[in-house]
Amino acid sequence: MNRISKAFEGKKAFITFITGGDPDIETTERLIYAMAEAGVDIIEIGIPFSDPVAEGIVIQQADERALANGCTVDKLFEMVKRARQRVTLPLLFMTYINPVFAYGTERFMEKCADCGIDGVIVPDLPFEERGEISEECKKYGITQISLIAPTSEARIEVIAKESEGFLYCVSSLGVTGVRSDISADIGGVINQIKRITETPCAIGFGISTPEQARAMADISDGVIVGSAIVKIIAEHGTDSVEPVKQFVSTIKSNLR
């Protein structure tokens, strides 16, 4: 059983997202350690990109800060390699396909394996085009995680059948961001998936409070919190480690 599968064993998995290099590489590394200590089960590290089409303003601005501060893919590989010496939980890259192609798909996946990345999520790579990276993912043991949205409808069955690691279930229409209300019938989507596959389902996009996290965990196998954490980082900068740790600790305790 790989690290991702173990993260869902016997509990509701708590998955967090941060933008790599925001506000700087050193703080990103410290945030990984702090979140691991707070009991997070999986950490997604966003590779900053100049045109993040699935992201709302909070993560767009985080990408801009990271790029302005000199974050590169190579610097993130180096940071993850250091972090892997101290943390055992699964680490994922959330990236757009352009940085992967620009780096070279095989070289990118080889470096992921070398530094200890467990999986990749590529939100702008349609399921039908997953073959663009699937061969290289398999070659280097990198789990390719698929997304399912409320609009996936007829495609849910085929995506679920081919899923690995976990299914990233998008809670709402639109881009990422803090939401006061999650309106899509994500429960119906989860029920449909569960009839097809045993792959765990984690709900993301818009979850920002312990109450929302608990409600989404009740109908799924895990929850993903991103923009709410990135917002804290934007507010506190290099002093964000302790506030983020306190925030994720509160959500984690609410999921127990």
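Colleague: What makes the charged end of R86 sit over the ring of Y33?

Modeller: The charged end of R86 is 3.7 Å from the centre of the Y33 ring. A charge sits over a ring if NZ of Lys or CZ of Arg is within 6 Å of the ring centre and within 35 degrees of the ring normal. R86 is therefore listed as sitting over Y33. The charged end of R107 also sits over a ring, that of Y103, 3.9 Å from its centre.

Colleague: Where do these values come from?

Modeller: From a predicted model: local features need pLDDT of at least 70, side-chain atom pairs count only at pLDDT 80 or more, and totals for chains, interfaces and linings use all residues. Residues are numbered from 1 along each chain as its sequence is written, and side-chain values use heavy atoms, with hydrogens and water left out.

Colleague: How many aromatic pairs does the structure hold?

Modeller: Eight. One of them is F49 with Y96.

Colleague: Why is the pair of F49 and Y96 called stacked?

Modeller: Rings of Phe, Tyr and Trp (its six-membered ring) pair if their centres lie within 6.5 Å; planes under 30 degrees apart count as stacked, over 60 as edge-to-face and the rest as tilted. F49 and Y96 are 5.6 Å centre to centre, with 25 degrees between the planes. So the pair is stacked. F49 lies in the loop between β2 (42-46) and α3 (57-68), and Y96 in the loop between β3 (91-94) and α5 (97-103), so the pair ties together parts 47 residues apart in sequence.

Colleague: How do you know whether Y96 is buried or exposed?

Modeller: Its relative accessible area is 3%. Buried means under 20%, exposed over 50%, partly exposed in between (1.4 Å probe, protein chains only). Y96 is therefore buried. F49 is buried too, at 14%.

Colleague: What makes the pair of Y168 and F205 edge-to-face?

Modeller: The ring centres of Y168 and F205 are 5.9 Å apart and the planes stand at 90 degrees, so the pair is edge-to-face. Y168 is buried at 4% relative accessibility, and F205 is buried at 9%.

Colleague: Which residues do ring pairs link into a cluster?

Modeller: F77, F93, Y103 and F108.

Colleague: Why is R84 called buried?

Modeller: R84 has a relative accessible area of 15%, so R84 counts as buried. Its side chain reaches the backbone oxygen of V87 at 2.8 Å.

How values were computed
Polar contact = N/O pair within 3.5 Å; in protein donor to acceptor, adjacent residues only side chain to side chain. Helix = DSSP H or I, 4+ residues; strand = E, 2+ residues; numbered from the N terminus.
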